[in-house]
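Dear colleague,

I am passing on the structure below, and my notes on it follow directly after. Please read them with the coordinates open beside you.

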Amino acid sequence: MDALQAIKGRKSYRSTFKTEPIPREDLREIVEAGFLAPSGCNLQTTKFIAVDDPELVKKLAEIYGHEWAATAPAAILLLTKKVIAPSGETYYIQDFAAAAENILIAATAKGYATTWIEGQLHHNGEDRKMAQLLGVPEDLNVAVYLPIGIPDSTVPAPKKMAFEERAWFNGYGG
């Protein structure tokens, strides 16, 4: 599958997964896609944990609190911390966002499904509980949790606005 096909085929998947495990080499390549994302000032603020131990995957899903996630055979967590670039700016949010998008596209290209879970991790300290479970140092935060596997069902693509409603050539609305 080429990159544009994977981008067009990517959907957020929040349903049960098939029981087949993800080969570690596939998981490694998907994480590597995140690792290769652009990074502001090349500070490389995003760190990654791929989880394929079934007990740990289930414990992460329990912390998250949604049963469908417990059916995933694997998960990927993106870790970050606020780092100030030499310019005085911070790019850590852009860094983990770019990494997450690369992971979503790579997973789709390999026939897997996942979804980007971020904001829901901060309601009751789920991010910190996940971090403690996986031995993440205190100076890093779990920014994104991605349960991943072979989808057990199909989900409809979200309706997207027409190109002409969101994109133009040579000026706004032109």
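In this predicted model, the side chain of Ser39 makes a polar contact with the side chain of Asp95, at 3.0 Å, and the Ser39 side chain also reaches the backbone nitrogen of Gln44 at 2.7 Å. Ser39 itself is placed in the loop between H2 and S1, and, when residues up to four places away in sequence are not counted, Ser39 touches Gln44, Thr45 and Asp95.

The strands that follow belong to an open sheet of four, ordered S1-S2-S4-S3 and paired in antiparallel fashion. S1 and strand S3 (113-114) are at the edges with a single partner strand each, so that one side of each is left without a neighbour in the sheet. Between S1 and S2, which run antiparallel, there are five bridges, and Lys47 stands opposite Leu79 in S2.

Two helices can be described against this sheet. Helix H2 (residues 24-35) packs on it, touching S1, S2 and S4, and the direction of H2 makes about 165 degrees with that of S1. H3, for its part, lies across S1, S2 and S4 and runs at about 65 degrees to S2.

Val51, leaving out residues up to four places away in sequence, touches Leu27, Leu56, Val57, Leu60, Pro73, Ala74, Ala75, Leu77 and Leu134.

Ala75 counts as buried because its relative accessibility is 1%, which falls under the 20% cut-off. Aside from neighbours within four places in sequence, Ala75 is in contact with Ile49, Ala50, Val51, Val57, Leu60, Tyr145, Leu146, Pro147 and Ile148. Although Ala75 and Pro54 are 21 residues apart along the chain, their C-alpha atoms are separated by 9.7 Å.

Definitions and conventions
Residues numbered from 1 in each chain as written. Predicted model: local features only at pLDDT ≥ 70, side-chain atom pairs only at ≥ 80, totals over all residues. Heavy atoms only, no water. Contact = heavy atoms within 4.5 Å. Pairing = 2+ DSSP bridges. Axes fitted to C-alpha atoms, helices over the stretch in contact; angles between N-to-C directions. Buried < 20%, exposed > 50% of the residue type's maximum accessible area, 1.4 Å probe, protein only. Polar contact = N/O pair within 3.5 Å; in protein donor to acceptor, adjacent residues only side chain to side chain.
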